[in-house]
Amino acid sequence: MRVNGKCAIVTGGGRGIGAAIARRLVEAGARVVIADRDAAAAEQTAAAILSAHPRTAVPVPGDITDETHLRELIATARDTFGAVDLYFANAGVPGSPGLGADADWHNAFQVHVQAHVRAARLLVDDWVRRGAGYFVATASAAGLLTQIGSANYSVTKHATVAFAEWLAITYGDRGIRVSCLCPMGVDTAMLKAGTTTEDRWATAATRAVTEAGAVLRPEQVAEDVLAAIDEERFLILPHRDVAEMHRRKASDYDRWLHGMRRYQATLLGHAEPTTGNH
C-alpha cells in the first residue's frame, strides 16, 4: 500500500515509536489522527506536525481500551480526513516484574490485545466492503522470543503477534493487509523507565533488551514500518538479529530455553523468580 493520500490512526501516537510513525506518515503524504491517553503529548505531537504540514494531523486524546472512545476516534478520523485506510495499534504499557498482580495482567491484556480486537471489529467490515485496509500491530521481539523479568509483558506481546497472524490469515484474501512490528530496544520513555527502578527484575528486563542489540531511535523504526507497508510485509524486524534468534528458538526449543535460563542468571546473579511482590 502507498500511504500518500491515505487516512491513518496511530494509537500511542503522542511520543516514542507512535509519534515517529505519525510524523513519517505525514511526510509520505498521509493524514493522521494521533490517539494517546496523554492529552498533552497527543496535542504536542500534532502541533509539531501541523507547523510543518498544515491540515494533516489531529489529536484525539482518550483511552483506546474503551470501545466507546474507539468509535469516537474512528468517527473523528472519517469526519476529518475521510475513510480510515490504516490503523496502527501501537499503544503499549510496560510489564510489571515477576508474575505480577491481577490488575497488571488486566491492564496489559486490555492495551496489548483487547484494544486491537475492538479496533478490528470496528474497521474490518468497512475494509472488506472496500477491498482494502491496513492493520499494523506493534508487538515486540518479546512476542516472538520472551521477556526476561515480566510474565505479563511477554504473554500479552505473544498474543499481539498471534492476533495479527489471525487477521492476516482470515482477511488477507479479502484485501486487508496486516503487519506486526517486533523491535528490541528503542529509545523511548518506556525503555528509559527501566533504567531508574530499584527492582532487580525490572532492571533485568531492561538490560535483557539493551544488551541484546543496538538501541534504535524511533525514527529508524518508523522508516522500517513504512518500508514494510510499501512491501505489504507481515513481520517488521528493525533488529535483524531477531529473525535468527527466532529461528534458533523454533529449531531447538530445549536448547533455547537452557540458553535463556543461563542469560537470565547472568542478569540476575542467580536470583530466584518472585511473584512480583518482592
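Q: Leaving aside its neighbours within four places in sequence, which residues is histidine 53 in contact with?
A: Histidine 53 is in contact with Val26 and Glu27 once neighbours within four places in sequence are left aside. Contact here means heavy atoms within 4.5 Å.

Q: What sort of model is this, and how are residues numbered?
A: This is a predicted model, in which local features need pLDDT of at least 70 and side-chain atom pairs count only at pLDDT 80 or more, while totals for chains, interfaces and linings use all residues. Residues are numbered from 1 along each chain as its sequence is written, and side-chain values use heavy atoms, with hydrogens and water left out.

Q: Back to histidine 53: where is its place?
A: Histidine 53 has its place in the loop between α2 and β3. Helices (H or I, at least four residues) and strands (E, at least two) are DSSP runs, numbered from the N terminus.

Q: Is histidine 53 buried, exposed or partly exposed?
A: Histidine 53 counts as partly exposed, at 30% relative accessibility. Buried means under 20% relative accessible area, exposed means over 50%, and partly exposed lies in between (1.4 Å probe, protein chains only).

Q: What separates the C-alpha atoms of histidine 53 and aspartate 125?
A: Their C-alpha atoms are separated by 31 Å, and the two residues are 72 residues apart along the chain.

Q: Which residue other than glycine has a positive phi in that loop?
A: Arginine 55, whose phi is near 60°, is found in the loop between α2 (39-52) and β3 (57-61). Arginine 55 is exposed, with a relative accessible area of 74%.

Q: And glutamate 232, what is its phi near?
A: The phi of glutamate 232 is near 55°, again a positive value in a residue other than glycine. Glutamate 232 is found in the loop between α8 (218-231) and β7 (235-236) and counts as partly exposed, at 38% relative accessibility.

Q: Moving to the helices, what does isoleucine 49 touch?
A: Isoleucine 49 is found in helix α2. With neighbours within four places in sequence left aside, isoleucine 49 is in contact with Ala22, Arg23, Val26, Ile34, Thr56 and Ala57.

Q: Where is alanine 19, and is it buried or exposed?
A: Alanine 19 has its place in helix α1 (residues 16-27). Alanine 19 is buried, at a relative accessible area of 3%. Not counting residues up to four places away in sequence, alanine 19 touches Gly12, Gly13, Gly14 and Thr45. The C-alpha atoms of alanine 19 and alanine 222 are separated by 9.0 Å, although these residues are 203 residues apart along the chain.

Q: Which residues have the most contacts inside the largest nonpolar core?
A: The largest nonpolar core has 51 residues, and those with the most contacts inside it are Ile9, Val33, Leu73, Val84, Tyr87, Phe135 and Leu167. Helix α4 (residues 102-130) gives the most to this core, with nine residues. A nonpolar core is a set of buried Ala, Val, Leu, Ile, Met, Phe, Trp, Tyr and Cys residues joined through side-chain atoms within 4.5 Å.

Q: What does isoleucine 9 touch?
A: Isoleucine 9 touches Val33, Leu73, Ile74, Ala77, Val84, Leu86, Tyr87 and Phe88, not counting residues up to four places away in sequence.

Q: What lies apart from that core?
A: Another core, of 31 residues, lies apart from it, and includes Ala8, Leu25, Ala30 and Val136. Alanine 8 is placed in strand β1 (residues 7-11) and is buried, with a relative accessible area of 0%. Leaving aside neighbours within four places in sequence, alanine 8 is in contact with Leu25, Arg31, Val32, Val33, Leu86 and Phe88.

Q: Finally, the protein chain as a whole: how many helices and strands are there?
A: The protein chain has ten helices and seven strands. Its radius of gyration is 18 Å, close to the 19 Å that the globule rule gives for 278 residues, so the chain is as compact as a globular protein of that length. The radius is taken over C-alpha atoms, and the rule is 2.2 Å times the number of residues to the power 0.38.

Q: What percentage of the residues is buried?
A: Buried residues make up 51% of the 278 residues in the protein chain.
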